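Biologist: I would like a close look at a single part of this model. Please keep it simple and take it step by step.

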Amino acid sequence: MKIFRICPSILNAGRDNLPSEISRIAQDSDFLHLDVMDNIFVPNFTFSFSESEEIIGKSPLPVDAHLMIANPDEMAVAYAKAGSASVTFHLEAAQAPFEIISGLKACGARVGVGIKPATPFEAVEELLPLIDMLLVMTVEPGFGGQSFMSDMLPKVSKARTFIDLLPDPKPWLEVDGGISLNTISQAATAGADTFVAGSAVFNAPIPGEMIKSLRVCLAESIKEA
Ligand code: DX5
Ligand code: ZN
């Protein structure tokens with residue numbers, strides 16, 4: 001039985017009352033995806049470390065922290081210590097990825113490594129046996145509500161082929177950006193098993209119902225495969 005995970009991003013949720021926005025998705029989601037942007041690695045700013053700490057501390061769901069920051073070597077472990085279940089840093093920003101990985105593991109967090117659209121799969125290949133999740137960005141990181149880049153699908157397929165050859169427990173394969181009812185099946189068919197969805201979920205009248213519909217699409221995509 002294939003396991004799929006849905007991780008709503010609160011980037012497009014109402015900022016004024018995050019706890020109530022989070023409560024709208026808590027029952028139906030696997031993780032809360034926390035997009036941390038520093039206005040250096042990406043041209044946008046979301047949450048400071050102390051704001052992140054507060055969200056992580058109060059979240060009823062395990063937190064998948066996505067660090068779009070220029071200094072993961074200094075900061076990634078702090079997000080693990082703050083209680084994130086999973087911390088994903090970007091390969092493009094990391095000076096010493098092996099050290100970040102061991103630091104995160106020592107804190108007991110799941111370790112994710114993200115790659116931007118222009119970064120080829122081969123750049124991250126040697127890290128895969130050491131990590132818990134590969135994040136293939138399906139938009140240019142920085143903003144919610146962008147269109148899914150279907151030209152990233154071959155990269156997802158390549159990653160799936162490689163991951164399937166690794167011993168268990170295999171790393172999860174996450175996609176992030178533009179995931180909706182129109183795109184989730186393509187990403188699943190290419191081999192993704194973990195899906196971040198921001199605007200599709202929070203722009204829906206009932207976010208929890210949208211997550212259920214996304215799961216129906218996933219179930220159908222395996223039937224068709
Ligand atoms: C983009 C972020 C994503 C984004 C997802 O830089 O990493 O998590 O918020 O939002 P949608 O689903 O609207 O593309
Ligand atoms: Zn993200």
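How far is an oxygen atom of ligand 1 from an N or O atom in the side chain of aspartate 176?

Modeller: The distance is 2.7 Å, from an oxygen atom of ligand 1 to an N or O atom in the side chain of aspartate 176. That is a polar contact, meaning a pair of N or O atoms within 3.5 Å; within protein, one must be able to donate a hydrogen and the other to accept it, and residues adjacent in sequence count only if both atoms are side-chain atoms.

First, the ground rules. This is a predicted model, in which local features need pLDDT of at least 70 and side-chain atom pairs count only at pLDDT 80 or more, while totals for chains, interfaces and linings use all residues. Residues are numbered from 1 along each chain as its sequence is written, chains are lettered from A and ligands numbered from 1 in the order in which they are written, and side-chain values use heavy atoms, with hydrogens and water left out.

Now back to ligand 1. A polar side-chain atom of histidine 66 lies 3.2 Å from an oxygen atom of ligand 1. For serine 9, the distance from a polar side-chain atom to an oxygen atom of ligand 1 is 3.3 Å. The protein covers 100% of the 380 Å² of accessible area that ligand 1 has on its own. Such areas come from the Shrake-Rupley method with a 1.4 Å probe; for residues, only the protein chains shown count as cover.

Who forms the shell? Ligand 1 is surrounded by 20 residues, the closest being Gly142, Gly145, Asp176, Gly198 and Ser199. A residue counts as near if one of its heavy atoms lies within 4 Å. The shell holds 8 nonpolar, 10 polar and 2 charged residues. Here Ala, Val, Leu, Ile, Met, Phe, Trp, Tyr, Cys and Pro are nonpolar, Asp, Glu, Lys and Arg are charged, and the others, Gly among them, are polar. At least two shell residues come from each of β2, β3 and β8 (194–197). The biggest share is from β2, with 3 residues. Strands (E, at least two residues) and helices (H or I, at least four) are DSSP runs, numbered from the N terminus.

Next, the metal. The zinc ion (ligand 2) is coordinated by His33 (NE2), Asp35 (OD), His66 (ND1) and Asp176 (OD), at 2.0 to 2.3 Å. Donors are N, O and S atoms within 2.8 Å of the metal (3.2 Å for Na, K and Ca); water is not among the atoms, so sites may look incomplete. Along the chain, the donors of the zinc ion (ligand 2) follow the spacing H-x1-D-x30-H-x109-D. Histidine 33 in strand β2 (residues 32–37) and histidine 66 in strand β3 (residues 63–68) are 33 residues apart, and this pair links distant parts of the chain.

Why is the site called octahedral? The 6 donor atoms around the zinc ion (ligand 2) subtend angles of 72 to 170°, and therefore the arrangement is octahedral. Six donors count as octahedral, and four as square planar, if opposite donors are over 155 degrees apart and all others between 65 and 115; four count as tetrahedral if all angles lie between 85 and 135 degrees; anything else is irregular.
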